[in-house]
Amino acid sequence: MDNQTDCEVIVWSQQAFSIIQPIFYISIIAIFTHLFFWIQFLLYPSVRQRSMQWLYAYLITDLLLLVRFFLSYIYRYSSLCIPHHPRIVICYCEAIFDNYLNLLQSYILLALNICRYLQIVRNHNVYSLNRRLILSAHLFIYVLPLLGHVTLIQRGWSHLQNPPGDACDLLPTSLLIRLVFLLFSYFIPVLLTLTFLLRSLNYIRNTDGIQSREIVDARLRHHRQLVIQSCVFYSLWLILWSPHLLVFPFYYKSSRVGIVAQIMNYMSIAVDPVVIAALDVRFLNAWKSSGDHVDRQVRRKRSVNIPIIVLSSPTESSKHTPEDNFDSK
């Protein structure tokens, strides 16, 4: 470090840069999938409803994770000379917000399934009748995990990893802290999410006491659709998202295991806008409508580009005289 300027040039090491490249390319793809989703949000009023606020919150955390990655990538790629204290602050932010935003997603999906369960069982719009409770849930979900990370740092229960030429990371200092972190960041929200999901499916399947055959058939159709949609979304979510939080307390993120977990996590971010239609058919209809519009435009353009051949009518050909044929020779 230069004592006069008190700053240091932070760059990617060659090894770290080669490791981080797959995540960079996946993040580029994720930008386009999310951009297409938010275009649907602007074009179709049917998806701009209060009942979808948890889905919006979930996808916004995806966007913030992408912003966090690109800022970290550019920060080291641009070879800036950063003073010591701002560099430490940046390092802590880089380490905290990756885990914090991933933790938010588990509790956002838990809140989504609780609201869905209450709507199905009690048959009323919880988003209109319980606005203050919903707002309190938002504040609780966003603030409490952040305070938890700050507390871990202040109490010395996690320490900052800042290797030269690589990303910053936070690791718990003891096995007990690691297990407690896993309990609150993964097992509690995931198990509760699956519990409320299964309770919702069980209520829809239960048709005891319903005399109308039409209502029974409608419930069974809705049950099959909800089972398929939920299984697709939550299977992809658990497979791609879970390794990141399961690995975080035990491995440094730039280790081989940590990189594989990060790649799977960013793959989840890239496909989230595509599979989010599994939670609400209105998203699927918006995607289909956009696809139909693009298909019509392509067909219209092709029809315009086809050359038109004009054939002379028999009456016009009969007007030619023998002299015309002779002259043509």
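Mentor: A cavity is a set of points where a 1.4 Å probe fits but cannot get out. Keep that idea in mind as we look at this structure, which is a predicted model.

Trainee: How many cavities of 30 Å³ or more does the structure hold, and what is the volume of the largest cavity?

Mentor: The structure holds three cavities of 30 Å³ or more, and the largest cavity has a volume of about 110 Å³. Its lining is made by 13 residues, and those closest to the centre are Ile20, Arg68, Phe69, Ala167 and Gln262.

Trainee: Which helix gives the most to the lining of the largest cavity, and how do the lining residues divide by class?

Mentor: Helices α1, α2 and α3 each supply at least two residues of that lining, while α2 gives the most, with three residues. When the lining of the largest cavity is sorted by class, six residues are nonpolar, three are polar and four are charged.

Trainee: Then what should I look for in the largest pocket, and what is its volume?

Mentor: A pocket, unlike a cavity, is an open set of points, and here the largest pocket has a volume of about 740 Å³. It is lined by 28 residues, and Tyr107, Phe140, Leu144, Pro145 and Phe184 lie nearest its centre. Helices α3 (84–122), α5 (131–154) and α6 each supply at least two residues of this lining, with the largest share, 10 residues, coming from α5. By class, the lining of the largest pocket has 22 nonpolar, five polar and one charged residues.

Trainee: Turning to helix packing, at what angle do α1 and α2 pack, and why is α1 called oblique to α2?

Mentor: Helix α1 (residues 14–43) and helix α2 (residues 53–77) pack at an angle of about 140°, with their axes 10 Å apart. That angle makes α1 oblique to α2, because only angles over 145 degrees count as roughly antiparallel and those from 65 to 115 as roughly perpendicular. The crossing in which α1 passes α2 is left-handed, and the residues of their contact divide into 19 nonpolar, three polar and one charged.

Methods: Residues are numbered from 1 along each chain as its sequence is written. This is a predicted model: local features need pLDDT of at least 70, side-chain atom pairs count only at pLDDT 80 or more; totals for chains, interfaces and linings use all residues. Side-chain values use heavy atoms; hydrogens and water are left out. Axes are lines fitted to C-alpha atoms, for helices over the stretch in contact, and angles run from 0 to 180 degrees between N-to-C directions. Helices (H or I, at least four residues) and strands (E, at least two) are DSSP runs, numbered from the N terminus. Angles under 35 degrees count as roughly parallel, over 145 as roughly antiparallel, 65 to 115 as roughly perpendicular and the rest as oblique. A crossing is left-handed if the near helix is turned anticlockwise from the far one by less than a right angle, and right-handed if clockwise. Ala, Val, Leu, Ile, Met, Phe, Trp, Tyr, Cys and Pro count as nonpolar, Asp, Glu, Lys and Arg as charged, and the others, Gly among them, as polar. On a 1 Å grid over the protein atoms alone, a cavity is a set of points where a 1.4 Å probe fits but cannot get out, and a pocket is an open set with protein on both sides within 12 Å along at least five of seven lines; lining residues have an atom within 4 Å of a point. Grid points are joined across faces, edges and corners, and a volume is the space filled by probe spheres set on the points.
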